Amino acid sequence: IHVSPMNSHDSERLINAYGTLRIGAEEAGRIIHFAGGNPMTMRLVASQIASGEEALGDVLADLEKAEGTIFDYVFARSLGMAGTEGRKLFAAMSIFSPTASRKALQSACGLSDLEFEKAIKSVVDLSLAEREMQLVF
């Protein structure tokens, strides 16, 4: 699938929409440059920064060292940041696509309640998945 690059203004808005911190224009420009304006790549990078796992400067420095396609590199980095439990959850989600119950996912992952909550938070915070809230009566 080919995704056309976003313009600079919309790219900056997207980057700042995925985090509690505001990224300066210079840093946003670097992210846009390295991501080639690809919205999903920029979302993943912004989420890596917003997660607080690594400092902004470290994330940007790592982008400069990227090899291969930038999306693959950033995606792999996000999966690495998700930790072992997050990667287990991400793998299990692909089995139950498009949706699954908490019980089914937790069972497939073999995680305790605490590990599962940590995995969900990590995967969602890194924009590897989105959480949908459903009311059950």
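Reader: Okay, Phe71 and Phe75: how far apart are they in helix H5?
Author: They are four residues apart in helix H5 (residues 70-81), so about one helical turn separates them. Keep in mind that this is a predicted model.

Reader: And how do the planes of Phe71 and Phe75 sit, as a pair?
Author: That aromatic pair is stacked, with 5.8 Å centre to centre and 20° between the planes. An angle under 30 degrees counts as stacked, which is why the pair gets that label.

Reader: How many aromatic pairs does the structure hold?
Author: Two aromatic pairs. Ring pairs also bring Phe90 into a cluster with Phe71 and Phe75.

Reader: What about Tyr73, what does it touch?
Author: Tyr73 is also in helix H5. Leaving out residues up to four places away in sequence, Tyr73 touches Asp62, Lys65, Ala66 and Glu67. Its relative accessible area is 23%, so Tyr73 is partly exposed. Tyr73 and Leu63 are ten residues apart in sequence, and their C-alpha atoms are 8.5 Å apart in space.

Reader: Switching topic: is Arg43 buried or exposed?
Author: Buried, with 15% relative accessibility. The cut-off for buried is under 20%, so Arg43 makes it. Arg43 belongs to helix H3 (residues 39-50). Its contacts, not counting residues up to four places away in sequence, are Leu14, Tyr18, Ser127 and Glu130.

Reader: How do the lining residues of the second largest pocket divide into nonpolar, polar and charged?
Author: Three are nonpolar, three are polar and four are charged.

Reader: Last one: what is the mean pLDDT of the protein?
Author: The mean is 87, and 93% of the residues reach 70 or more. Among the elements, H5 has the highest mean pLDDT, at 95, while helix H1 (residues 8-17) has the lowest, at 84.

Methods. Residues numbered from 1 in each chain as written. Predicted model: local features only at pLDDT ≥ 70, side-chain atom pairs only at ≥ 80, totals over all residues. Heavy atoms only, no water. Nonpolar A, V, L, I, M, F, W, Y, C, P; charged D, E, K, R; others polar. Phe/Tyr/Trp six-rings, centres within 6.5 Å; stacked < 30°, edge-to-face > 60°. Helix = DSSP H or I, 4+ residues; strand = E, 2+ residues; numbered from the N terminus. pLDDT = per-residue confidence, 0-100. Buried < 20%, exposed > 50% of the residue type's maximum accessible area, 1.4 Å probe, protein only. Contact = heavy atoms within 4.5 Å.
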